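These are my notebook entries on a structure that I consulted for the first time. I record what I looked up, in order.

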Amino acid sequence: GVPTPQWRPAYHFTPQNNWTNDPNGLIFLNGEFNLYYQHNPFENKWGHMSWGHATSKDLISWKHLPVAIPEVITKDTTTWIYSGSAVLDKNNTSGFGVNGKPPLVAIFTADQPKQKKESQFIAYSNDGGLSYKQYAKNPVIDLNMHDFRDPNVFWHEESKQWVMTVSMVDEHMVRFYGSKNLKDWTKLSDFGPAGFTKNGWECPSILPLVVDGNPANIKWVLFVSLGGEHGPLIQYFVGDFDGTTFKNINDNSKILKTDYGDAFYAAIAWRDAPQNKKILLGWLQNGRQETYPWKGQMSIPHDLSLKTTSEGLVLNQLPSVFVTKALPKYAKGKPVEKKNVTIGSSGLKLPGDGNAYWIDAEFDIKNAKRVGFNVVEKAGTDKKVVVGYDAEKQQLFVDCTGSEKNNKSPENLVQTAPMSITGGIVKIKVLVDRSSLEVFGNDGEKVISTMIYPDKEATGLSAFADGEAAIKNLKLWNLNNDVK
Ligand code: FRU
């Protein structure tokens, strides 16, 4: 391959070498965020699926560790380690602990291509998550199915059991299982089909989230990823979970989207994160463009909550406070700041050095049609990507029609999210990291994540307004530092 350092993100996770897709087994342990990930240790493309491993103290810089769970090859069977989760078995319910030290238990799908079979396996670690031993009596759940995958497990205190969500892919259902010991599992209930059902359901997970900042008010959010021709989608359902059944508070036909871009996929949250935070991490898919010597990257981690809005009770997502707390430490110098500046018809130039930066902006949209930023502008050409808010259409948008590399299907060139504003004020966060672009609107009401592949020289950045508008507040951190 041809090396593509210009697209290697500075403050997002990528494997040092070779392929990644889904995040797996996210668990916070002993002061560190563990990230396992779908990994091909041998090639820069999907295959030989194994769990790669990295840890971080601040969710920005990552320590790369050896493969934690490799594929298993015997004479008749190849077992690939597909997506799943990991739990700390504090009370040693599994009996895998040694010398009074609780084991970590990974629960994942064993994909056996020769047998065309997927079943659920467990493996345990007695060295803090560095290496795992396969349970001798695997599989722990076997329905003799081809597409049955991505178990996500947590301890449900109220019903005093481990609860698993796992995907019945072609049935468009999430199956709930319960267990006392992580080895013996009993079916609790099924949810679905519901919402979007055109593509197979993958990577389900369920989380309790705080509503409107009131810790006494909890609703459960069930996430399901769907691949397929129209670009990836993560839909979510809001409801109640009693230890057996998930009850949707909305009509089952309602479709709620986690992200309005074409990249955010297979997201799951960290278990046991500090301050009871629910931090979601997704894989940013980049199907159409080669990067080398790695392929695939993770999103910025999102802190999740629920918010009552005119659209009902919806998910709110902001870059994790752990990331924003650590960010200044990684920035080159002080952030660039602007306060109450009018954006003229020729725009306002900003330093977009190296295409690795982070903007927090607040616009007063006045009578402008649209406000926002031109990013990855190539001097002397009309190549750029436009990010902003369209007041007429009431949409947050990312317009890639002028982008350098056409890495998108035609229907994804312009990506939009419905968003209303009050008092003419629009807040936008723009995270550009060489090949990824993530946009958060209105303090996390809407998110658009996508991949961009600008030329090395295409680093122009400016604010624009179609009409009269002002920047009330802006902070820009330059992160072109190769934080690793
Ligand atoms: C989602 C997915 C999962 C599966 C894994 C295999 O991207 O297809 O359903 O476990 O990737 O790599």
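The entries below concern a sheet, a helix and some backbone details.

I note that this is a predicted model, in which local features need pLDDT of at least 70, side-chain atom pairs count only at pLDDT 80 or more, and totals for chains, interfaces and linings use all residues. Residues are numbered from 1 along each chain as its sequence is written.

Entry on the sheet. I took helices (H or I, at least four residues) and strands (E, at least two) as DSSP runs, numbered from the N terminus. Strands pair if DSSP finds at least two bridges between them. I found an open sheet of 6 strands with antiparallel pairing, in the order E25-E36-E27-E32-E33-E34. Strands E25 (336-343) and E34 (446-451) each have a single partner strand, so one side of each is left without a neighbour in the sheet. I then looked up E27 (356-364) and E32 (425-433), which are joined by 9 bridges; alanine 356 stands opposite aspartate 433.

Entry on helix H1. I call a residue buried if 20 or more other C-beta atoms, placed from the backbone, lie within 10 Å of its own, exposed if 12 or fewer, and partly exposed in between. In H1 (321-330), the buried residues are Phe322, Val323 and Tyr330. On the other side of H1, I found Lys325 and Pro328 exposed.

Entry on the backbone. Most peptide bonds are trans. I found a cis bond from asparagine 138 to proline 139, and another between tyrosine 292 and proline 293, with omega about 10 degrees. Proline 293 lies in the loop between E20 (279-284) and E21 (294-295).
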